[in-house]
Amino acid sequence: MFVSEDLSVNEKNHLVIGSNDTVELAKEFGTPLYVLDEELIRKNCRIYKEAIDKYYDGNGLVLYANKALCTAYTFKIAQEEGLGGDVVSGGELYTAIKAGFPMDKIYFHGNNKTAEELEMAVENGVGHIIVDNIYELEMLNEIAKARGVVQNIMFRIKPGIDAHTHSYIRTGQIDSKFGVALENGEAFEIYERAHMMSNVNPDGLHCHIGSNIFDVDPFCEAAEVMMNFAGDLKDRLGLEIKKLNLGGGYGIMYTEKDDPVPYDEYIKHVSEVVKTIAAKRGLNIPFILMEPGRSIVAPAGITLYTVGGIKDIKNVRKYVSVDGGMGDNPRYILYESEYAAVIANKAGDAPTDKVTVAGKCCESGDILLNDTMLAPAEVGDTLAVLATGAYNYSMASNYNRIPRPAIVAVSGGKAKVVVKRETYEDLIKNDVF
């Protein structure tokens, strides 16, 4: 019935996440409310870690992609589960620093890093910087030289793979703002340039072909392209690639029509390609990195809302309005993303009403679910939107000066606030009166 394994219905007909009654959570902590099942997050971390240990003989590291959900709490879990971290901004890096995360396990991405961000990374001993372009390479080499260090780097490569996903989250093709392309020779040229520099060490390759992909083949194709490029670098430059970062992008079940591949299956099939090409090209198998984010946290999260006005426009549409919207989940207005939802206090009731769930922002496009089936909703009901652990809080805004919700984590039947709810005072703290 539900898109996540940690959801069930109790004797009160209420939706349960882990061992926690969601209706009671809404009463205790208020709505809108993000809820995370810590046990499922940890389970997903372990699936990836055990798979990389199994298929690469422990010669690899799983990096949690913090853009999915970046908090001190998620850094703590990643560290405890033996994962590294993928960060894409100075803010994410600063969070890692303040959380006490080991900097040698941080990989810093981004297509337009500022000098200040690069300086922060070098000064704090970030393990690898994934360089995006020649301008960044030259700037980083000078920053590292001024500090008397040699910074480990890898370049983001566009392998020319069609990821079969939404155009806004497809990143492996030549026409992308990210990285350097193989087809026109710029990837080889930038490695040749870096190989001659004194304060960077280009010991790895990186690619990321897109997000929420439901097919193994694009990942296998990308691995083949990257391993052959590693072979070319060795043959032509004598440069041995020691690390290969194959990115993330594994699809999850948002609705019942989604059919994701088990996470460890991706790793198994890709490992076979890596080993085959390594043998063919006379390469050592590199240290393998991957960057799952959405697939770790999205299935473990839900968002709880309180139903407000219900507007039944005869022969047109029935709107069910809630006390959140595009401010806490902008994915529908950005991508028309689909979600599953349930009336949490009627979780076992049949979904007999076709409705559109609308947010409270002053935008006609502020929609959370379009033409979805729910049990008959009433004012005051608790609505749960499922699989919202990724790219909801991390993309949230204060549009219409609406405070962002709290995040509550549940584990072992207990709940704790891991990110406080914003207040009106928080909204104006940087205003100058």
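Here is a short tour of the chain, from the overall shape down to one residue pair.

Before you click, note that this is a predicted model, where local features need pLDDT of at least 70, side-chain atom pairs count only at pLDDT 80 or more, and totals for chains, interfaces and linings use all residues. Residues are numbered from 1 along each chain as its sequence is written, and side-chain values use heavy atoms, with hydrogens and water left out.

**Select everything.** With 433 residues, a compact globule would have a radius of gyration near 22 Å, and the chain's 23 Å agrees (taken over C-alpha atoms; the rule is 2.2 Å times the number of residues to the power 0.38).

**Colour by burial.** Of the 433 residues, 56% count as buried, that is, under 20% relative accessible area with a 1.4 Å probe, protein chains only.

**Switch to cartoon.** You'll find twelve helices and 21 strands; these are DSSP runs, helices being H or I with at least four residues and strands E with at least two, numbered from the N terminus.

**Select E1, E2 and E3.** They form an open antiparallel sheet in the order E1-E2-E3. E1 (7-9) and E3 (20-21) stand at the edges with a single partner strand each, so one side of each has no neighbour in the sheet. Pairing here takes at least two DSSP bridges between strands.

**Zoom in on E1 and E2.** Three bridges join E1 to E2 (residues 15-17). Which residue of E2 stands opposite Leu7? Pick Ile17.

Note on methods: Buried < 20%, exposed > 50% of the residue type's maximum accessible area, 1.4 Å probe, protein only.
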